Amino acid sequence: MAPKKAPPKKNSKVAGNTVKALLETISVDPATAFEGCGNLADEFKKVKAAYFAAVLKEHPDKGGDVETFRGIQSAFETLKEMMSNGQIDSFVVSAKSKTSTAASFKRASTANADKDMPSWEFYEAAATETMPTYRCETAKSNRSKCNSAHCVFSQDPKPFVIPKDGVRIGPIDKQSGQYSKWVHLDCWRVPGKISAGVPHPSRCQDPEQFEAALLSMNDVLLCGFCDLSAEDKRKVAAHVMVTDHWAGSNLKKIQPSD
């Protein structure tokens with residue numbers, strides 16, 4: 001009788017029972033990684049840098065293990081969600097807590113299991129950004145002008161004014177740290193950095209998958225999306241699902257699956 005094969009060893013890095021375990025999953029040692037950090041924002045920069053280093057190393061496009069890669073994704077998204085919800089005021093302090101994060105990690109893992117996996121190039125591009133490149137929000141007044149060179153509403157030289165509560169998107173000015181040059185959602189040419197991180201519409205027409213992909217970009221590439229109403233989230237996802245809205249020079253060259 002042939003000997004039974006030993007079961008594969010479970011990757012010990014794919015764990016999410018505590019904040020400490022989540023940090024260790026993305027190769028952050030909470031005892032030393034945050035030295036010199038003065039606040040949560042500084043700590044998160046360290047977490048984000050470690051996350052990108054880990055996903056670039058473990059990405060299946062480069063021969064990495066899928067389970068390990070998904071675990072890193074889920075750990076980072078759990079930490080990011082906890083931070084956004086005010087459950088983490090300091091990674092150093094939270095890493096000492098025994099409070100279970102298992103349920104949140106499981107939810108993130110379940111969601112990631114059904115997601116399209118962005119390419120290695122998507123993460124490589126995102127890793128270079130110290131702040132989210134774009135912001136999505138509703139206009140606060142009737143004074144915001146659409147800066148699109150191809151505004152679908154403007155029929156004369158006078159710029160179109162984005163109506164109050166209309167969804168607008170703007171890039172960051174890296175010198176001032178402010179978002180500006182707003183465009184109305186209907187005029188937005190989806191940049192390659194964003195389109196590379198969502199499912200390709202030729203393979204997926206599930207709006208929830210697009211919403212989930214855009215939410216995962218919060219605090220990384222596209223901030224503000226998580227704060228939109230459910231209706232406005234659907235509008236943005238619907239816009240992104242149309243490849244005609246993608247920036248022409250940055251269209252993902254992915255062929256439909258057979």
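Figure 1. Helices (H or I, at least four residues) and strands (E, at least two) are DSSP runs, numbered from the N terminus. This is a predicted model, in which local features need pLDDT of at least 70 and side-chain atom pairs count only at pLDDT 80 or more, while totals for chains, interfaces and linings use all residues. Residues are numbered from 1 along each chain as its sequence is written, and side-chain values use heavy atoms, with hydrogens and water left out. The chain has 258 residues, and 46% of them count as buried (under 20% relative accessible area, with exposed over 50% and partly exposed in between; 1.4 Å probe, protein chains only). Take the contacts (heavy atoms within 4.5 Å) with a separation of 6 or more: 69% of them join residues 24 or more positions apart.

**Figure 2. Ser 141, in the loop between strands E1 and E2.** Strand E1 covers 134-138 and strand E2 covers 144-145. Ser 141 counts as buried because its relative accessibility is 18%. Its side chain reaches the backbone nitrogen of Arg 143 at 3.2 Å. Leave aside the neighbours within four places in sequence, and Ser 141 is in contact with Ile 162, Pro 163 and Lys 164.

**Figure 3. Cys 136, a cysteine in no disulfide.** A search of the whole structure turns up zero disulfides (pairs of cysteine sulfur atoms within 2.5 Å). For Cys 136, the nearest cysteine sulfur is that of Cys 223, 9.0 Å away. Cys 136 is buried, with a relative accessible area of 1%. Cys 204 is buried too, at 15%.

**Figure 4. Helix H8 and what covers its buried residues.** H8 runs through residues 207-215, and its buried residues are Gln 209, Phe 210, Glu 211, Ala 213 and Leu 214. Their cover includes helix H7 (192-195), strand E7 (222-223) and helix H9 (230-240). Look at the start of H8 as well: a side-chain oxygen of Asp 206 comes to within 3.0 Å of the backbone nitrogen of Glu 208.

**Figure 5. Helix H9 and its buried face.** The buried residues here are Asp 232, Lys 233, Val 236, Ala 237, His 239 and Val 240. Down the axis of H9, they fall within an arc of 160 degrees, so they line one face of the helix (the arc is that of the directions from the helix axis to the C-beta atoms). Among what covers them are E1, strand E4 (167-173) and H8.

Note on methods
A polar contact is a pair of N or O atoms within 3.5 Å; within protein, one must be able to donate a hydrogen and the other to accept it, and residues adjacent in sequence count only if both atoms are side-chain atoms.
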